[in-house]
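Trainee: Hi, I'm new to this one. Could you walk me through it?
Mentor: Happy to, let's open it up.

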Amino acid sequence: MRKIKLKPFCILILLICIFQNLLAQNNGGYYLKGVVQSTSNEALVGATILLKDGLTGKTLKQTQGNQDGAFSFDINAGNYILAVSYLGSLSYQSELIKLTGSTDLGVLKINTATVNLKEVVIKSSVNKPAIKIEGRKMIYNVQSSITAQGNNVLEALKKTPGVIVSQDNSVTINGASGALIMINGRQTYLQPEDLAQLMKSMSASDLKSIEIIKNPSAEYDAAGTGGIINLVLKKSVNQGFNGSINNGIAYGKTLKQNTNLSLTYRKDKLNLFANYNHAFGYYAMDYDNDRTTNGKIYLNANHDIDKKHYIGTNIGADYEIDTTKTIGFVAGGNFSSGGGLITPITNIFEQPTGQLIQTLRSQSSYPKQLANRYNFNLNYRYKGRNNTNLNIDADYGIFDASTNNLSTNTYFTPDGQFQSANNFLVANSRNIKLYAIKADYGFPIGKGKMSAGGKYSNVDANNVFDQYDANGPVNVIDINLSNTFRYREGITAGYLRYETPLNDKLSLDLGVRAENTHSEGDLQPRQGSSQQPTSVIRNYLNLFPTASVNYKTEKSGSYNLSFARRVDRPAYNNLNPFSYPVDELSYWKGNPFLQPQYANSIALQYSYSNTTIAAGYTHTSDLTSTVSEVFGNNLINMIPRNIGEQSNFNLTVTQQLKLAEWWNMSITGMGYRLQNNVGTDEYGNYRFNRFSGTVNVQQSFKLPYHITGEIASVVNSKTISGLNTYVKGNSQVDLGLQKSIINDKAAIRLAVTDLFWTNRYNTDTELRNLILHTTYRGESRQVRLNFTYKFGSNKIKARESRETGLQNETQRL
C-alpha cells in the first residue's frame with residue numbers, strides 16, 4: 001500500500017528561501033513614505049496616518065507608524081492629501097500632493113505641545129455594535145454580549161445570528177449544512193463530536209469575535225459547503241505585563257464552576273502570552289427516541305449525566321526581527337476527562353393492539369472518557385514595501401481519545417418478570433496525528449494585487465474498537481465485533497487570486513484553487529474473525545473557482561456579488577464500514593464508498609449605514625445524510641449515504657437600531673427555503689421542501705449606577721434536515737446585567753440563560769416502514785455569576801495588524 005510522506009520542515013526552509021528571493025527582486029509600483037515625529041524628535045507611537053483622495057477628501061487608506069514613526073503606502077499616480085491623527089484628534093494635514101512617482105516625504109514634525117505623549121490608554125466599550133459587516137464577512141462581536149461571558153465557546157456559537165447548532169453538534173449557516181469551523185484561521189481536523197468537546201474546553205471570555213464567511217476567496221481551503229465560521233481569539237496590544245482573570249459559577253440542575261486566566265508580556269520586539277481555562281461540573285440532559293417499525297412501537301426515554309471536566313491552555317511568543325519580519329510560535333493543549341451515566345428505559349408495544357410486550361431496562365456507564373489534543377504552530381511573517389507580503393505556517397497536532405462504555409440490558413415481561421439479559425463492554429480509542437505546511441505570497445500587479453499560495457496537509461487516524469461479552473465473571477472479547485480502522489489522507493493545494501479596483505467605486509476579486517486528495521482507508525478485523533478486511537483507496541483532483549464584485553458609493557452604500565464552489569469530504573469515522581452499538585437496539589455503521597458533497601453558492605449583499613441585506617442561493621450535489629435503516633430483528637442501523645441534491649434560497653436582513661441614548665438593538669432576520677431532491681435505488685425518487693426562518697434580537701441598555709443590561713433572544717421556526725427529517729421550532733431568551741467596579745478594572749455579571757426553558761430539539765422522520773420521533777432537552781436554563789478583573793499596564797505600542805496561523809483545516813476526525 002502506498003504511503004503518504006513529506007518532510008514539512010525541509011519544504012518550509014525551501015519556501016522561505018524561494019519567496020524571500022522573490023520579495024527582494026520585486027520593485028514594481030509607487031510608494032509614498034515618511035516618518036512622523038514630535039517637535040522634540042520623538043517617534044509618535046500610536047499615531048494614525050491617513051491617505052485621502054485629493055479631490056473628494058475621502059480616506060483611501062490608513063496605517064500606523066512603526067516604533068521609529070516610519071510609514072509607507074503603496075499607491076498609483078494621482079492627487080492625494082496626507083493627514084496624521086494622534087490621540088483621537090487631527091494633528092497634521094498636508095497640502096495637495098501630486099504623485100507621479102515614488103516619493104519620500106522625509107520627517108513630518110507634529111506639534112504635540114498640548115498632548116501627553118507618555119502613554120495611550122485603551123478602554124473597552126460596551127457600545128460596540130453586536131453585528132458588523134466587512135466585505136464578505138459578517139462579524140458577531142462576542143465581547144459586547146454580557147450573557148456570553150462565563151460561557152464556553154460552543155454556547156457562544158449558538159448565539160451567533162444565522163448559525164444553528166443542532167443536538168448532535170452539526171452546524172448550519174443560513175440553513176446550509178457543512179460549515180467549516182476554524183480557530184484564528186486554522187482548521188482543527190476534528191469531527192463534530194470531538195470539535196464540540198474542544199469548544200467546550202474553551203472560554204467565551206477569550207473570544208474577540210465570530211466571523212461568518214459565506215463565500216470565501218480562493219486563499220481559504222475549499223472545505224465547508226455551508227461556508228466558514230472563524231473563531232477569533234483576543235490578543236492584547238498593551239505594553240508591559242498585563243492579564244485578566246475571570247471566575248464564575250453556574251447553576252441549572254447541578255453546580256458548575258469556570259475559570260479563565262490570560263497573561264501577556266510585551267516589550268520592544270518581544271511579545272509573550274499564555275492562557276489557562278477550565279470548566280468543572282456535571283451536565284444533565286433528557287432525550288427520547290421513539291420509533292415504530294414492523295408492527296411494533298418502541299418508546300425510549302433516557303436520562304444522561306455528563307461528568308467530564310474540561311481544561312484548555314496555550315503559550316506562545318512573537319518576535320519582531322525588524323520592521324518587516326516577525327516570527328512566532330504557539331503551543332496549546334485541550335483536555336477533557338471524567339465519567340458519565342445514561343439510564344434508558346424502553347417499553348415495547350404491539351402496534352395494532354397497543355399492548356405492552358416487554359420492557360428493556362438499560363444502563364450505560366462510562367468509567368473512562370479521555371480526550372487530549374496537543375497542537376504546535378511555527379509562523380513567519382514578512383510585510384515589505386509595495387504591498388508585498390509573505391506568510392508561512394507549519395502546524396503539527398496530536399489527538400488522543402479513549403472511551404470505555406459498560407452497557408447492561410435486561411428484558412422484563414409486562415408484569416415485571418425477568419426474561420433475559422445481555423451485557424457488553426465497548427472500548428474505543430482514537431489516535432490522530434496531523435501536520436500541515438502553508439505559504440502565501442502577495443505582490444502588486446498593475447493597479448491590483450496578486451496572491452499565490454500552496455499548502456500540504458496530512459492526517460493519519462487510527463481507530464481501535466473492541467467489544468467484549470460482559471455476561472460472565474470475565475470479559476471476553478468478541479473477535480467478530482472488534483476491528484481496527486486506519487485512515488490516511490493527504491491534500492495538496494495551490495491557488496491564485498487577483499484583487500483590483502476597476503475605478504473609484506468598482507473592484508474585482510477573482511481566484512481559483514486546485515486541491516488534490518489522496519486517501520487510504522484500511523479496515524482490519526481481529527485474527528480469526530469471520531469479517532473480511534476492507535481497503536478503499538481514492539485519488540481525485542478538484543478545481544474551486546471564486547469571484548467577487550464590489551460596488552461602493554458614499555451615498556447609497558455598498559453592493560457585493562460573490563460566487564464560490566466548495567466541498568465537504570466525508571468525516572473519517574463515516575468511512576469505517578464496521579458496525580458498533582449505540583445501545584441494545586441501534587447501531588452506527590460507516591460507509592467506505594461515501595463520496596464528497598459539492599456546493600456552488602452565489603450571494604448578493606447590500607450594506608448601508610446600519611442596514612445589511614443579503615440574498616443567496618446554494619446548490620449541493622451528492623448531498624450526504626445519516627439514514628436510519630431497519631435490519632435483522634427490528635434493529636436500527638444509522639449509516640451515512642449520498643442521497644441526492646439540495647437547493648437553498650436564503651434572505652438575511654440585519655438592522656442596528658439606536659432607540660434611545662440608553663437603548664441599542666440589533667435585529668437579524670433570516671428566511672430560507674430548502675428543497676431536497678432524493679434519487680437513490682434504496683429510497684426511490686421524490687422531492688420535499690420547506691420554508692424556514694430564524695430571528696435573532698440582541699438589546700443592550702445603559703442603566704443607572706453604571707449598570708448595563710442585555711436581553712438576547714432567538715426564535716427558530718420548523719425546518720428540515722438530512723434525508724427527510726422535520727425539526728420543530730424552538731426559542732431561547734437570555735437576560736444579563738453587568739456592573740463595572742474598581743475604576744473599570746473589574747466587572748460583575750449576572751445572567752439567566754434560556755429563561756423560559758424553550759430550547760428543545762424535537763424531530764420527526766418517516767422512511768418506508770420506519771417512523772422516528774426524538775425529543776431532546778439539555779440543561780440550557782442556568783443562572784450564571786461571573787467576576788472579571790484586569791490588571792497590568794495600559795500603555796499600548798502601535799503595531800501593524802496581521803493574521804496569524806494556518807488558514808483552514810476541518811472538523812472531519
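Mentor: A definition before we start: two strands pair if DSSP finds at least two bridges between them. Helices (H or I, at least four residues) and strands (E, at least two) are DSSP runs, numbered from the N terminus.

Trainee: Okay, and what kind of model is it?
Mentor: This is a predicted model, where local features need pLDDT of at least 70 and side-chain atom pairs count only at pLDDT 80 or more, while totals for chains, interfaces and linings use all residues. Residues are numbered from 1 along each chain as its sequence is written, and side-chain values use heavy atoms, with hydrogens and water left out.

Trainee: How many helices and strands does the chain have?
Mentor: The chain has 3 helices and 49 strands.

Trainee: Let's pick a strand pair. How many bridges join β45 to β46?
Mentor: There are 7 bridges between strand β45 (residues 730-741) and strand β46 (residues 746-753), and the two run antiparallel.

Trainee: Which strand does β46 pair with besides that?
Mentor: β46 is also joined to strand β49 (residues 782-792), by 8 bridges and again antiparallel. There, V752 has V783 in β49 as its bridge partner.

Trainee: What about the hairpin of β19 and β20?
Mentor: Strand β19 (residues 255-267) and strand β20 (residues 270-281) run antiparallel and are joined by 12 bridges, with T264 opposite F273 in β20. This hairpin has 2 residues between the strands, and D268 takes a positive phi near 55 degrees.

Trainee: And where does β20 go from there, what else does it pair with?
Mentor: β20 pairs with strand β23 (residues 309-320) in the antiparallel sense, over 10 bridges. The bridge partner of N271 in β23 is D318.

Trainee: In what order do the strands of the β11, β12 and β13 sheet come?
Mentor: It is an open sheet of 3 strands in the order β11-β12-β13, with antiparallel pairing. β11 (163-165) and β13 (176-177) stand at the edges with a single partner strand each, so one side of each has no neighbour in the sheet. β11 is joined to strand β12 (residues 171-173) by 3 bridges, and V165 stands opposite V171 in β12.

Trainee: New topic: how many aromatic pairs are there?
Mentor: A search of the whole structure finds 16 aromatic pairs. Rings of Phe, Tyr and Trp (its six-membered ring) pair if their centres lie within 6.5 Å; planes under 30 degrees apart count as stacked, over 60 as edge-to-face and the rest as tilted. Y559 and Y606 form a tilted pair, at 4.8 Å centre to centre and 40 degrees between the planes.

Trainee: Where do Y559 and Y606 lie?
Mentor: Y559 lies in strand β34 (residues 557-568) and Y606 in strand β37 (residues 597-608), so the pair ties together parts that are 47 residues apart in sequence.

Trainee: Which residues form an aromatic cluster?
Mentor: F241, Y789 and F791 form one.

Trainee: Which ring does the charged end of R291 sit over?
Mentor: R291 has its charged end over the ring of Y298, 4.1 Å from its centre. The rule is that NZ of Lys or CZ of Arg is within 6 Å of the ring centre and within 35 degrees of the ring normal. R777 lies over the face of W757, at 4.0 Å from the ring centre.

Trainee: Is S647 buried or exposed?
Mentor: S647 is buried, with a relative accessible area of 8%. Buried means under 20% relative accessible area, exposed over 50%, partly exposed in between (1.4 Å probe, protein chains only). S647 lies in strand β39 (residues 635-660).

Trainee: What is S647 in contact with?
Mentor: Leaving aside neighbours within four places in sequence, its contacts (heavy atoms within 4.5 Å) include Y617, H619 and R673.

Trainee: And M199, buried or exposed?
Mentor: M199 counts as buried at 3% relative accessibility, and M199 is found in helix α3 (residues 192-200).

Trainee: How much of the chain counts as buried?
Mentor: Of its 813 residues, 52% count as buried.
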